[in-house]
Amino acid sequence: MTCPDVWRLSNGDVAVIGRNLTDVLATRLPDGVSVGADERVVVIPRSMLVAAKPDIPDA
């Protein structure tokens with residue numbers, strides 16, 4: 001079974017597993033936002049981000 005996830009990498013960056021919706025959302029991005037050739041638009045459930053919030057540092 002697969003599921004969304006978010007975790008901190010050893011270098012401090014954050015990795016996210018979610019649904020790749022680049023093809024669906026790339027043409028509907030907010031003004032000034034673009035997706036680079038090596039980037040993807042990844043969607044994660046709001047409930048997952050809310051649950052992770054206590055573990056996300058302010059700085």
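Visitor: How do the residues lining the largest pocket divide by type?
Guide: The lining has 6 nonpolar, 1 polar and 2 charged residues. Ala, Val, Leu, Ile, Met, Phe, Trp, Tyr, Cys and Pro count as nonpolar, Asp, Glu, Lys and Arg as charged, and the others, Gly among them, as polar. The model is predicted: local features need pLDDT of at least 70 and side-chain atom pairs pLDDT 80 or more, while totals for chains, interfaces and linings use all residues. Residues are numbered from 1 along each chain as its sequence is written, and side-chain values use heavy atoms, without hydrogens and water.

Visitor: What makes β1 and β2 a pair of strands?
Guide: Strands are DSSP runs of E, at least two residues, and helices runs of H or I, at least four, numbered from the N terminus. Two strands pair if DSSP finds at least two bridges between them. Strand β1 (residues 5-8) and strand β2 (residues 14-17) have 4 bridges, in the antiparallel sense, so they pair. Val6 stands opposite Val16 in β2. Of the 5 residues between the strands of this hairpin, Gly12 has a positive phi near 95 degrees.

Visitor: Why is Thr22 called buried?
Guide: Buried means under 20% relative accessible area, exposed over 50%, partly exposed in between (1.4 Å probe, protein chains only). Thr22 has 12%, so Thr22 is buried. Thr22 lies in helix α1 (residues 22-25).

Visitor: Which residues does Thr22 contact, leaving aside neighbours within four places in sequence?
Guide: Thr22 is in contact with Val35, Arg40 and Val41, where contact means heavy atoms within 4.5 Å.
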